[in-house]
Amino acid sequence: MPAQHPTPLRFERLLLTGAAGGLGRVLRPRLKAYCDTLRVSDIADLGDAGPGEELHRVDLQDKSGVLALLQGVNAVVHLGGISTEQAWEPILQANIVGVYHLYEAARTHGVRRIVYASSNHVTGFYRQDEVLDTEAAPRPDGLYGVSKAFGENLARFYFDRYGIETVALRIGSSFPEPKDRRMLATWLSYDDLERLVVASLTAPVVGYSVIYGMSDNSTAWWDNTKARHIGYRPQDSSDVFRVAVEARQPHLDPNDPATIYQGGAFVRTGPFE
Ligand code: NAI
Ligand code: 15L
């Protein structure tokens, strides 16, 4: 039975990986309210350090770099890595080798909790007429989805073996607005993303948990009932965009795999060289 550790509501030092990316740039200013020091990392340029920030330019492939990155950190929000379907080699290095480096570094330094940006593409080959709960078996829709399923499995192992807690966020589509009809179901507003990440960091006990990252959308393919212990309450909804989105995309091809499956166009993207 792994040891349980109290979770502080404010952290001394939080690590945000992937801080130069789309969601990293959203969360970077917001997470400062929850920690004394925010350490941000990416392989890409991070700009200048703001008050209370530490900048680390680290490639997730670099085992010793990742080890140093996690020193002195209380908890991690792990967004870094390849975020779309791409060639195997970058996915392998960032999302498989990289996530292993992250968990090994967490084990070495005694980091107790990781909020892991997984993806809805772990279950992208379920149909859009199915509603999944958080225990549905993975049906990845590409190598990217497979790599996120690997990260989830690794996280589960590091909890069972070493007691490192993880909340795996199967994020839907987190953008300023839903871009198409599919995103009316998958959309996660930026404010709800913050609520989800903060709830995942601060819930007293999470063990290894999976939760889908979506706002309170009327159309939904996912049921987070089994993740209620995390205490995430979405406040936004794609519904306010519905009329405009449907006007932009009035017709859907019922034979298009992107219309049939939850993963949308990811189910027919690739293979890449
Ligand atoms: P993004 O692609 O904009 O950001 C990812 C960041 O990771 C980039 O800044 C990139 O430089 C960095 N990165 C890539 N390879 C790296 C490496 N080898 N070492 C260090 N850093 C590396 O992606 P976005 O949209 O910000 O997503 C963040 C996370 O959330 C990703 O893990 C993505 O898979 C996941 N996610 C995002 C969704 C969304 O709607 N934005 C939906 C589902 C999952
Ligand atoms: C993801 O996993 C991607 O990171 C993001 O760019 C979106 O494409 C999202 O899924 C989605 O399914 O809309």
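A charge counts as sitting over a ring if NZ of Lys or CZ of Arg is within 6 Å of the ring centre and within 35 degrees of the ring normal. That rule comes up in the first view below. Everything here is a predicted model, where local features need pLDDT of at least 70, side-chain atom pairs count only at pLDDT 80 or more, and totals for chains, interfaces and linings use all residues. Residues are numbered from 1 along each chain as its sequence is written, chains are lettered from A and ligands numbered from 1 in the order in which they are written, and side-chain values use heavy atoms, with hydrogens and water left out.

**View 1. Arginines over tyrosine rings, and a ring cluster.**
R107 has its charged end over the ring of Y162, 5.4 Å from the centre. Y162 also belongs to a cluster, linked by ring pairs, with Y103, F157 and Y158. (Rings of Phe, Tyr and Trp, the last taken as its six-membered ring, pair if their centres lie within 6.5 Å; planes under 30 degrees apart are stacked, over 60 edge-to-face, and the rest tilted.) Elsewhere, R139 lies over the face of Y126, with 4.9 Å to the ring centre.

**View 2. F125 meets Y261.**
How many aromatic pairs does the ring rule give? The count comes to nine. Take F125 and Y261: their ring centres are 4.9 Å apart and their planes at 80 degrees, so this pair is edge-to-face. F125 lies in the loop between β5 (113–119) and β6 (132–133), and Y261 in the segment after α8 (257–260), so the pair ties together parts that are 136 residues apart in sequence. (Helices, H or I with at least four residues, and strands, E with at least two, are DSSP runs numbered from the N terminus.) Buried or exposed, or something in between? F125 is partly exposed at 27% relative accessible area, and Y261 also counts as partly exposed, at 24%. (Buried means under 20% relative accessible area, exposed over 50%, and partly exposed in between, with a 1.4 Å probe and protein chains only.)

**View 3. W187 and F241, another edge-to-face pair.**
The ring centres of W187 and F241 are 5.3 Å apart with planes at 75 degrees, so these two are edge-to-face. W187 sits in the loop between α5 (183–186) and α6 (190–202), and F241 in the loop between β9 (222–223) and α7 (242–248), so to speak linking distant parts of the chain, 54 residues apart. Both W187 and F241 are buried.

**View 4. Ligand 1 and its shell.**
Of the 27 residues around ligand 1, the nearest are L23, D42, S83, Y144 and S174. (A residue is near a molecule or strand if one of its heavy atoms lies within 4 Å of it.) Oxygen atoms of ligand 1 have a backbone N or O atom of S174 at 2.7 Å, a backbone N or O atom of G22 at 2.9 Å, and a polar side-chain atom of K148 at 2.9 Å. On its own ligand 1 has 820 Å² of accessible area, and the protein covers 85% of that. (Accessible areas come from the Shrake-Rupley method with a 1.4 Å probe; for residues, only the protein chains shown count as cover.) Elements giving two or more residues to the shell are α1 (22–31), β5 and α4, with β5 supplying the largest share, three residues. By class, the shell has 13 nonpolar, 11 polar and three charged residues. (Ala, Val, Leu, Ile, Met, Phe, Trp, Tyr, Cys and Pro count as nonpolar, Asp, Glu, Lys and Arg as charged, and the others, Gly among them, as polar.)

Residues around ligand 2 include S83, Y144, R182, M183 and F266.

**View 5. A cis peptide bond at G270 and P271.**
Most peptide bonds are trans. G270 and P271, though, are joined by a cis peptide bond, with omega about 5 degrees. P271 is found in the segment after α8.

View 6. T134 belongs to the loop between β6 and α4 (143–162) and counts as buried at 9% relative accessibility.

Notes: Polar contact = N/O pair within 3.5 Å; in protein donor to acceptor, adjacent residues only side chain to side chain.
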